[in-house]
Amino acid sequence: MKDFTKEYFRMTEEDAIDYAKAHLDLFDKDANLQCKEIGDGNLNYVFKVVDSKTNKSVIIKQAGPVARISDEFKLSPDRNRIESEILQLQYKLAPGFVPEIYKYDPIMNCCAMEDLSDHEMMRAALIAHKKFPLFAEHISTFLVNTLLLTSDVVLEHKEKKALVKSFINPELCEISEDLVYSEPFYDCPRNDVFPGTREFVQNTIWNDDALLLETAKLKFEFMTNAQSLVHGDLHTGSIFIKEDSTKVFDPEFAFYGPAGYDIGNVIANLIFAYANANFTIEDELKRKDYLDYLGNTIKDVIDLFNEKFIRTWDKHVTESVAKYAGFKEYYLGNVIRDTAAVAGHELIRRIVGLAHVKDITSISNAEARVRAEKICLTIGKTFILSRENMKTGADFIDVIQSAEEQLLKEAE
Ligand code: SR1
Ligand code: MG
């Protein structure tokens, strides 16, 4: 057996079994452990270790010094500490909504956590057009608790600053600064634009100086507004789900940033699912039914967030000036404005930039994919430019419907 206590090395499936036996206090001595590497993300290696005698299982997630998708991204394996620590904190702030962390190992840059194999990846489930009626309820609680309870509104300010320090995450933030805020807005060689969409991108995104100015303002907000401890990559591939349970995982991009960053990512990725359904469900009634479900979910996420934010603020606010009349509404208004802007960025960067989403790339008819992409880009652009007017769930739905109508008219 290799020595896991001296020096980092990338584990194989056999190593993960040995590691589980020697360093995790989870399995019986006579356990018959099997392991499979199941990671399909861009950055890390994920081992599922199962005792075939008892079916007891664990996930071991290991970070390497470069991204899994490309050596071009050199990343500190400290992201595994960040992920372990934020999950431990969120486990307390939002009980039931994140996996349990059993151990963090700073030498192997790995953590052991609860296996959620009885759930499915939300993106895959939405592409299969499944419904999760409790999702908006669950995710709005998760968002309010993790975002508001880590902010200066609630935390003693020195405690909050200690958290800001501990969650400094320069390399992962740089990825988002580049991939979300810079590269999609010019003809960057790293972009990956679907050929049929390219002209539209050139005309409506790259050539629009008013839009570019807003994206510059928003990039600086992302870099400087240390408002809340955010997950930092809360798309539907970072959510495991089943009918009665929602679990947020994979927060290695976590840092202190604008609260709207997480909410905006959730909304944008629901819109990708919406675009997928719109262009892949052939039966008209079924399509309408599923689009209604997703539309209501988008609306509910925003409206429930607004309601729960007010209630949680009233219960937990400690900062005296935050209690002045009108401040709560001003603060929440800014969070929802930022939510719209971030949703806009996510919608544009997943179409134009390096990292795409399956909801769109799996639309096999090229013409339908181009239409879906144009709708996402139009919604994204409107979210950014009209962010000051975005307040309620209905405002978000109006933008989605107007973009659909606008593109339908242009196609006629
Ligand atoms: C190089 S990483 C590309 C993307 O994958 C992650 O999930 C983040 O969304 C990142 O932007
Ligand atoms: Mg990820």
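The protein chain of this predicted model folds into 14 helices and 10 strands, where helices (H or I, at least four residues) and strands (E, at least two) are DSSP runs numbered from the N terminus. Its C-alpha atoms fill a box of roughly 70 × 55 × 40 Å along the principal axes.

Turning to the ligand, the shell around ligand 1 divides into 7 nonpolar, 2 polar and 3 charged residues. Here Ala, Val, Leu, Ile, Met, Phe, Trp, Tyr, Cys and Pro count as nonpolar, Asp, Glu, Lys and Arg as charged, and the others, Gly among them, as polar. Residues around ligand 1 (a heavy atom within 4 Å) include Asn42, Phe73, His235 and Phe253. At least two residues of the shell come from each of α6 (170–182) and α11 (327–352).

Oxygen atoms of ligand 1 lie 2.6 Å from a polar side-chain atom of Asp233, 2.8 Å from one of Arg349 and 3.0 Å from a side-chain N or O atom of Arg350. Of the 320 Å² of accessible area that ligand 1 has on its own, the protein covers 94% (Shrake-Rupley method, 1.4 Å probe).

Residues are numbered from 1 along each chain as its sequence is written, with chains lettered from A and ligands numbered from 1 in the order written. Local features need pLDDT of at least 70, side-chain atom pairs count only at pLDDT 80 or more, and totals for chains, interfaces and linings use all residues, while side-chain values use heavy atoms, leaving out hydrogens and water.

Definitions and conventions:
A polar contact is a pair of N or O atoms within 3.5 Å; within protein, one must be able to donate a hydrogen and the other to accept it, and residues adjacent in sequence count only if both atoms are side-chain atoms.
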